[in-house]
Amino acid sequence: MSPGMDQQQCIIDTQHITTHTMGRGDLGRGEGEKKLRYMLKDGSCPVVFHQSPGQWSFFLADIFTTLVELRWRVMLLIFCLSYILSWLFFSVLYFLIAYVHKDLEDHDTAPCVANVRSFTSAFLYSMSTQATIGYGFRVMTENCMVAIVVVTIQALMSCFIDTVVIGITVAKMACASKRAQTVGFSSSAVVNARNGALCLVWRIADFRRNHILEGTARAQLVRPTKHPSGMISVTYQDLDIQSRHLILATPASIVHKLEPGSPLYSLGPDSLAEEDFDLVVSFTYTGDSTGILHQTRTSYSPADIRWGQRFQDMVQVGRRHYKVDYALFHQTTWVQTPMVSAQESDRGRPPTTESIVQSQQPFVRSSRKFRRSLADVSEEVVQEAWL
């Protein structure tokens with residue numbers, strides 16, 4: 001990296017030969033420094049591989065997936081070159097056959113390929129054969145068996161190239177990432193009180209008319225940690241989600257309750273801003289039109305979490321339809337919320353009947369066990385006295 005660039009690359013130890021370069025920024029918390037983002041807002045991970053084992057062998061072993069993942073301009077260039085190079089290769093073969101058979105010198109002899117007297121005519125004949133546009137002035141004769149074999153091989157090669165080109169084009173057009181762009185998350189997440197408990201909420205919606213019938217939501221807290229030795233370790237922790245399976249006929253809110261066991265339980269609005277983590281959220285579903293498995297994902301940094309706010313209502317009930325205003329999809333509004341962590345809020349909250357019952361359950365079970373043991377001892381004493 002050039003010294004003039006104001007960015008720094010962080011190396012992650014993966015216990016392999018592979019070295020990952022992750023994004024821009026630094027894990028330091030100095031003023032004016034950017035924090036490392038594990039995943040960008042568009043769902044892409046800023047990871048670059050260096051000295052990976054095998055290098056190009058992995059890409060060549062799965063050449064179909066490699067071609068599907070290429071950019072359109074690169075893929076079209078490769079397809080054009082595959083046709084042109086195959087035309088040139090077989091035109092060289094036809095030219096050599098004509099040269100060996102002396103069709104270039106003696107025009108009176110019966111040629112292997114009629115009217116192929118130069119390399120240009122051999123190229124035109126090769127293109128006509130592979131494109132199957134029909135023979136006219138130049139045509140194959142039965143005088144040379146070698147030329148007939150070459151034509152047969154070229155015809156088979158043409159079918160193979162056409163199959164690969166059509167298959168990759170269809171697979172690329174039906175790529176899951178294109179469908180995933182029509183399913184979006186809200187630009188921010190909010191923290192507010194629901195049913196007396198603080199909850200972390202974010203939105204998801206399907207912007208197409210043929211809505212997704214069912215999908216599964218998931219959230220994971222990714223926290224990169226820089227050790228004094230310079231090594232960076234990344235920890236992952238799943239978040240419990242209420243109503244994990246969703247139907248996206250209308251925009252849905254995904255809720256994570258800030259309760260004991262949650263990594264955000266002890267964080268308040270002030271301490272949250274000082275944290276360094278990425279909340280990676282995803283939604284996995286099957287497309288109703290293609291039957292292909294898709295996944296949409298994004299991430300929220302602590303700066304993207306708005307404390308004491310809620311999302312504005314989008315759905316209105318009409319006479320015959322439910323009306324959804326997507327202009328309010330990212331809009332939030334302030335709502336009365338305790339400006340302390342969920343842990344501090346639970347400390348100052350009087351115990352509920354449910355919590356009292358749960359706290360008394362261990363004592364009830366222990367008293368029952370004591371009564372059973374006491375009854376067993378009494379029965380044994382009675383038996384010994386009788387004996």
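## Aromatic residues

In this predicted model, Y83, W87 and F123 come together as one aromatic cluster. Across the whole structure, a search finds nine aromatic pairs. One of them joins F89 and F90, whose ring centres lie 5.2 Å apart with the planes at 80°, so this pair is edge-to-face. The two residues can also be described by their accessibility: F89 is partly exposed, with a relative accessible area of 49%, whereas F90, at 4% relative accessibility, counts as buried.

An aromatic pair is also formed by Y94 and Y125, with 5.0 Å from centre to centre and 75° between the planes, an edge-to-face arrangement. This pair links distant parts of the chain, since Y94 belongs to helix α3 and Y125 to helix α4 (residues 119-131), and the two are 31 residues apart. Both Y94 and Y125 are buried.

## Packing of helices α3 and α5

Helix α3, which spans residues 72-100, packs with helix α5, which spans residues 145-173, at an angle of about 180°, and the axes of the two helices are 11 Å apart. Because angles over 145 degrees count as roughly antiparallel, that angle makes α3 roughly antiparallel to α5. Sorted by class, the residues in the contact of α3 with α5 comprise 18 nonpolar, four polar and two charged ones.

## A charge over a ring

A further side-chain arrangement involves K172 and W72: the charged end of K172 sits over the ring of W72, at 5.5 Å from the centre of that ring.

Note on methods:
Residues are numbered from 1 along each chain as its sequence is written. This is a predicted model: local features need pLDDT of at least 70, side-chain atom pairs count only at pLDDT 80 or more; totals for chains, interfaces and linings use all residues. Side-chain values use heavy atoms; hydrogens and water are left out. Axes are lines fitted to C-alpha atoms, for helices over the stretch in contact, and angles run from 0 to 180 degrees between N-to-C directions. Helices (H or I, at least four residues) and strands (E, at least two) are DSSP runs, numbered from the N terminus. Angles under 35 degrees count as roughly parallel, over 145 as roughly antiparallel, 65 to 115 as roughly perpendicular and the rest as oblique. Ala, Val, Leu, Ile, Met, Phe, Trp, Tyr, Cys and Pro count as nonpolar, Asp, Glu, Lys and Arg as charged, and the others, Gly among them, as polar. Rings of Phe, Tyr and Trp (its six-membered ring) pair if their centres lie within 6.5 Å; planes under 30 degrees apart count as stacked, over 60 as edge-to-face and the rest as tilted. Buried means under 20% relative accessible area, exposed over 50%, partly exposed in between (1.4 Å probe, protein chains only). A charge sits over a ring if NZ of Lys or CZ of Arg is within 6 Å of the ring centre and within 35 degrees of the ring normal.
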